[in-house]
Amino acid sequence: MASVSAPGQAGSSPAAALQRGIVKMVLSGCAIIVRGQPRGGPPPERQINLSNVRAGAMARRAAQGQQDPKDTPDEPWAFQAREFLRKKLIGKEVCFTVEIKTALNREYGMVYLGRDTTGENIAESLVSEGLAAVRREGIRGNNPDQARLVELEDQAKASKKGLWTEGGGSHTIRDLKYTVENPRNYVDSLHQKPINAIIEHVRDGSVVRALLLPDYYLVTVMMSGIKCPVFRREADGTETPEPFAAEAKFFTESRLLQRDVQIILESCPNQVILGTILHPNGNITELLLKEGFARCVDWSMAVYTQGAEKLRAAERSAKERKIRIWKDYVAPTANLDLKDRQFVAKVMQVVNADAMVVKLNSGEYKTIHLSSIRPPRIEGEEKNKDKDKRFRPLYDIPYMFEAREFLRKKLIGKKVNVTVDYIRAATGPGEGTPAFPERTCATVTIGGINIAEALVSKGFATCIRYRQDDDQRSSHYDELLAAEARAIKNGKGLHSKKEVPIHRVADISGETQKAKQFLPFLQRAGRSEAVVEHVFSGSRLKLYMPKETCLITFLLAGIECPRSARNLPGGMQVAEPFSEEAMLFTKELVLQREVEVEVENMDKAGNFIGWLHIEGLNLSVALVENALSKVHFTAERSSYYKTLVSAEEPCRQRKEKVWVNFEEKPVEEVVHLTEEKERVANYRPVYVTEITDQLHFYAQDVETGSQLESLMDTMRAEITAQPPVEGSYAARRGDYCIAKFADGEWYRARVEKVESPAKVHVYYIDYGNREVVSSTRLAVMPPAFSTRALPAQATEYALAFLQVPQDDDARADVVDCMVRDIQNTQCLLNVEYSGAACPHVTVQFEDTKVDVGLGLVKEGLVMVEVRKEKHLQKMVTEYLNTQESAKSARLNIWRYGDFRADDADEFGYRR
């Protein structure tokens, strides 16, 4: 047995002073460490060895680096003696006297439980239980304390207690294991069930050495979810404590060292055992955070089983009080008022998978980014693929569309709760990185659901990883990490092993030929479902058609909406009054909402024209009703005309918004000329197929339409049976041929110009449109289908009594209007007089018999060309009267008054 008694009594003092302290640790059955009271830091401590007794030596691990190292086991009854004192003394106040102090500064004395010597004598208790032997060689007969120890030992021997039992006590020696062969398997085998343990050593505030019972594994356990300041080992072997490291260690020691606890072993990454220590008085992990001795760590927070939100709340409490390690802490939102940190807002637009535009109660619009999540993105080689292809992130990045749709369906038009977590400062462009403006990052909830968490759990976004000292993160970061772990485990979205979804969305905005092919399908479909992707102005939108998987530009029919500012070749076009209000109105009503559209027609630029309905509301009517648009004359043919007019009239009477400058002026009467010759009106039905930039149009006679259809069917059947050899045709100017159009069908054509085999200009003789094609799309026209069998069906015409505007913008407006009104529709046509290039005609709508050219004059889009023929004077007069009305109302080209005075030719007009 290792003796811890005094070597002799020569150095003992006759009346040793009584001292007090609290037992910090029991080293063995005859040695303890006593500490004082803390005053502004960890208290002093000293080791006291019990005089006149000796107990068995505890097991000791062999020192590293020794040759043939061998661990020293427990001596019999050593552990039982240590446990006897541990349970009796740890954390208790004792008083003691130091009787002997050796040359090596080892102190020996008597220890009593309590504040004075009337308390229990610890040495006597040990001896009476047979857990320590009396050091008889140092006993003097006149010392009553020593005599009492001998007497108690004799009684223990007689009772065969402890050391004095028969058999030598080999059964009391622990099978102490200093290492776990496979720590991960061992941790997993416990299934996170609490295991009894004794804390044997505290390395720092969050790392302890624990003896696991009953198997006697001695393991190092790091507390899950937190990290305390540590003692850094320098090159010379000394340890330098980080700020508050000593205080954190004392905080843990004073509560856990050599206490009976339960430990939940939760994980074992990289041979490091993570666990939570449960003590009857509370959870030390939460206490360390609450008192500012520790910070949360993300990598181990995920395995914490007692509720990560409790740890975050404890850390938040310490930060708010700015105690200890947080004494210099500044919150990310410290500079924001409470009303700017937490507010309710309405979601107006989902920008992408992590950002949205919201409308505050004040009416202000604000972009909010979801905290701590990253939307789907393309990385590595994928980023550099298809550089020539137009990149569309919403459709080309896997799962971006699904993420956007998830947010759109859940949030658009709904009120949400916004809690700002941090403001990310603006960053300038760096090497390979773009510039980012300042971002407001927040947690957004609706009905108690954290939108970011829902997004991550479906695998539509991932969590951003931060440096440990980066506090700019979501206030619900742990829930986001847990949601991501679930998504990975279940193989959701971005974490799926399946093939990524591909969205082949055709963008036919501005693609005139594609739009022409697509128009009949939309017209026949009646009301079609759509999602408004973008609002360009009050009446111009971009729609996504889910059934057809395409994007189209859509213009609202029946109204004239103020134009927004836009860049033109000649400079910036100034926005018309109330254009911004109209755009905001439309945005708030339909942006990213599911709507129904009725397509009626398309314009020259490939934009579709029709009516848009949202929840039973006609957007055209809504704009007119709110005095943000006027009724266009083309609405007269629509079933919505009466509704539009009744909505417009009150606004016009109140002179509200677009009607603010409206004044009804008497129409100037134009003197009627006496007609000497009657005009012949012989209207016949035609089908308008093409409209040119010079306001000429091509039309087919309805009477011969069936012959053309029959010829086309027969010709295509023959071509299908005997397809032409690709590239065998050599195009020559003036030749008639057949050409394969964009829809894959063959049509009759004439070669107008040959630039190269790859660029051949052709004119489709039955439809009037022109195209530049490769010679591989041309073939010889079979003789049975030549113009001898059926003449060219497209005839060129020009509208009578109208001057073609020389200004490009004005002319484009007229062309758009004509395309919208008559292209691909059946009309009535009457030849009025011959022109240099083609006949000049008047055209009427088939159903209403309204004159198309007169409608253009009425809207102030064109000027009247005065004809001298006497039989036409009645028509000319009507056109001139209508022109005077448009001029008085200052419509379109007349918006700045009569500009035709003096040098009007410089403006491209003539009287």
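## Basis

The model is predicted, so local features need pLDDT of at least 70 and side-chain atom pairs count only at pLDDT 80 or more, while totals for chains, interfaces and linings use all residues. Residues are numbered from 1 along each chain as its sequence is written, and side-chain values use heavy atoms, with hydrogens and water left out.

## Overall form

The protein chain holds 22 helices and 49 strands; these are DSSP runs numbered from the N terminus, helices (H or I) of at least four residues and strands (E) of at least two. Its C-alpha trace spans about 160 × 70 × 45 Å along the principal axes.

Of the 911 residues, 47% are buried (under 20% relative accessible area; exposed is over 50% and partly exposed in between, with a 1.4 Å probe and protein chains only). Contact means heavy atoms within 4.5 Å. Among contacts between residues at least 6 apart in sequence, 64% join residues at least 24 apart.

## Charge

The chain carries 125 positive and 127 negative side chains, and the centres of the two sets are 6 Å apart. Lys and Arg count as positive, Asp and Glu as negative, and His and the chain ends are not counted. Each charge is placed at NZ of Lys, CZ of Arg, CG of Asp or CD of Glu.

## Nonpolar cores

A nonpolar core is a set of buried Ala, Val, Leu, Ile, Met, Phe, Trp, Tyr and Cys residues joined through side-chain atoms within 4.5 Å. The largest one has 49 residues, and those with the most contacts inside it are Met356, Ile368, Leu370, Ile373, Leu411, Val444 and Leu455. Helix H12 (residues 400-411) supplies the largest share of this core, six residues. Apart from it lies another core of 42 residues, which includes Leu543, Leu556, Ile614 and Val624.

With neighbours within four places in sequence left aside, the contacts of Val444 include Met356, Ile368 and Leu370, as well as Asn417 and Asn450.

Gln700 is found in strand E39 (residues 696-701). It counts as buried because its relative accessibility is 10%. Beyond neighbours within four places in sequence, Gln700 is in contact with Val686, Tyr687, Thr689, Leu708, Asp766, Tyr767 and Gln793. Gln826 is 126 residues from Gln700 in sequence, with 9.3 Å between their C-alpha atoms.

Ala314 belongs to helix H8 (residues 308-321) and, at 10% relative accessibility, is also buried. Setting aside neighbours within four places in sequence, Ala314 is in contact with Glu286, Leu289 and Lys290. Ala314 and Ile325 are 11 residues apart in sequence and 14 Å apart from C-alpha to C-alpha.

## Backbone details in loops

Leu213 and Pro214 are joined by a cis peptide bond, with omega about 5°. Pro214 sits in the loop between strand E10 (207-212) and strand E11 (217-223).

Two residues other than glycine have positive phi: Asn52, near 70°, and Gln192, about 55°. Asn52 is in the loop between strand E3 (45-50) and strand E4 (53-54), and is buried at a relative accessible area of 6%. Gln192 lies in the loop between helix H4 (183-189) and strand E9 (195-204), and is partly exposed at 39%.
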